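I opened my notebook for a new structure today. Here is what I looked up, entry by entry.

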Amino acid sequence: TVQRGSMICAPRIWPDLGGLRVLRTMQILTLVLCSCSEKAAALPWNLAANSSPEYQADLVFIHTESSQYSLPCSPIDMKVTDATYHWVQDRPDPKLLSVTKEGHLLFQHFQVGDSGKYSCTISYKKRGVPLSQTFHYNIFGYHVPGGLDTVLLFHSTLCEDKWTKKFLWDLQDKLRQLENKQHCKVHVTATFCFPSLNNPSDEFIIQVQLEVSLFGPQWDEPCNSQNVEEVIDCYRKTVQHNLRQVQLALTRFFKEHKSFHIIGTDTSSINFTNEFVGFLKTKQCSEGYGQTRELHRCLDCCIACPPGTFSPLRASQCSPCPAGTYSLIYGVALCTPCKDGMITRVPGASSVMDCVKKERTQQVDSIVHRIPVLILIILPAILALNFLFIPSSCYWFCQEYWVLSRDPAPSPGASKRTRSTTRLEKVISFFRIFRQHLWASPAAGPASDISGHNTTASQWGNEEPTDGAPSPAVTSNLATVTNETTPVLTHEDRKDIF
């Protein structure tokens with residue numbers, strides 16, 4: 001693979017030297033020489049000339065229901081001739097993609113489901129050498145915040161589901177004309193039926209909640225700029241303008257459609273009379289969207305939740321799918337539960353393959369549950385060792401202190417020499433015992449025992465010096481210091497101490 005921008009040259013015609021091995025050797029030498037001279041030429045005809053560098057993914061944000069969005073294959077202007085473009089989408093069920101002659105990927109009325117990972121490979125020839133480059137993109141749908149919630153109250157003599165469904169179907173059918181004219185979308189989010197306070201036995205109130213999305217067909221006609229900041233600015237102004245127009249249009253609509261006459265299959269009929277219309281302007285994200293800081297030019301914009309996350313209605317953030325669920329696509333309001341007897345090990349699963357049998361998770365859970373038990377078993381042993389170490393250290397310190405305090409005439413220099421000599425004797429005794437065990441011959445038998453433990457340091461100093469052992473002069477001096485500075489305790493003194 002040739003790095004982008006490097007120049008490699010080689011002659012077009014190669015002489016026949018009668019051997020493939022010689023030919024390959026000359027090819028390699030020629031490539032080295034030409035690359036050092038930085039001369040541009042074509043690669044040899046029998047060398048692998050395909051260069052296919054891949055570039056990291058770029059984040060691309062496309063507004064929901066954009067009338068048309070054109071994404072070029074290359075983020076830079078590549079002046080190539082006779083190029084071919086190949087777009088692919090990284091998803092299990094890729095959709096049919098629309099590509100222009102210039103290699104641009106076209107989106108018309110962009111939907112949240114169009115979000116995902118895309119790759120484009122551009123193939124062309126340069127000086128007769130076939131080349132290709134691949135560019136990756138992460139495309140996210142987004143929308144600027146802004147919407148309208150509407151609450152309607154209708155009076156009716158019946159409170160049955162079959163009549164309510166027919167009424168809602170007729171209401172939405174009449175609202176379609178308003179949607180096309182105002183470039184918006186109206187969705188029924190909830191309905192409730194409860195008795196009226198004035199006449200509870202014969203009159204009911206049907207409450208209908210509508211969610212108005214301002215991103216209907218051709219909603220972005222005024223925004224044609226290619227500059228991202230200008231486009232987002234235009235989107236905000238368009239949303240605010242459409243919001244006022246939709247509210248006025250709905251007010252006029254329900255004044256004109258005061259009553260809805262519904263006829264049943266048995267020629268019976270019922271009226272739904274409107275008594276109240278309320279509006280609430282919102283700046284919340286639509287379901288399947290959440291506010292993040294990925295889009296730096298629009299920090300309060302709502303971006304489609306990626307696979308493994310979800311965002312229900314009225315939520316402002318994308319949350320990981322709970323354990324036992326997963327999400328495969330962008331912009332879901334609820335995650336898909338795993339099949340019976342299966343569960344995900346961790347939250348945020350983005351594939352059905354993340355669902356495993358519960359037996360495996362139970363084994364992991366059993367190990368996790370055993371960890372506190374092991375800690376409870378080991379912790380008392382560690383505490384017991386600490387309690388044993390502390391009294392023994394105190395006893396050793398007190399014993400040394402009592403020995404020093406019984407000295408009849410302790411001078412400062414003598415006390416320091418006594419403590420240092422005592423420690424030195426212990427160290428010398430330890431290394432003497434270790435040396436006897438290390439160098440004792442098998443035939444020595446009991447002679448290699450630690451019976452010499454009571455031998456003084458001066459006796460050990462008489463041994464022949466070895467590598468790393470103190471010389472006789474040093475050991476004799478140490479023995480002399482020891483005899484002079486170590487206090488000798490009488491039998492009565494020891495009795496008083498203990």
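Which strands does helix H3 lie across, and at about what angle does helix H3 run to E8? I found that H3 (residues 228-256) lies across E8, E10 and E12, and that H3 runs at about 10 degrees to E8. Helices (H or I, at least four residues) and strands (E, at least two) are DSSP runs numbered from the N terminus. Angles run from 0 to 180 degrees between N-to-C directions, with axes as lines fitted to C-alpha atoms, for helices over the stretch in contact.

I noted that this is a predicted model, where local features need pLDDT of at least 70, side-chain atom pairs count only at pLDDT 80 or more, and totals for chains, interfaces and linings use all residues. Residues are numbered from 1 along each chain as its sequence is written, and side-chain values use heavy atoms, leaving out hydrogens and water.

Next, I looked at the sheet. Five strands make an open, antiparallel sheet in the order E9-E10-E8-E12-E11. Strands E9 (185-195) and E11 (259-263) are the edges, each pairing on one side only. Two strands pair if DSSP finds at least two bridges between them. The twist from one strand to the next averages 25 degrees.

I then checked E8 (residues 147-156) and E10 (residues 204-213): nine bridges join these antiparallel strands. Asp149 has Glu211 in E10 as its bridge partner.

Last, I visited Gln182, which sits in helix H2 (residues 161-182). Gln182 counts as buried because its relative accessibility is 14%, and buried means under 20% relative accessible area (1.4 Å probe, protein chains only). Leaving aside residues up to four places away in sequence, Gln182 touches Gln245, Val246 and Ala249, where contact means heavy atoms within 4.5 Å.

Key
Buried < 20%, exposed > 50% of the residue type's maximum accessible area, 1.4 Å probe, protein only.
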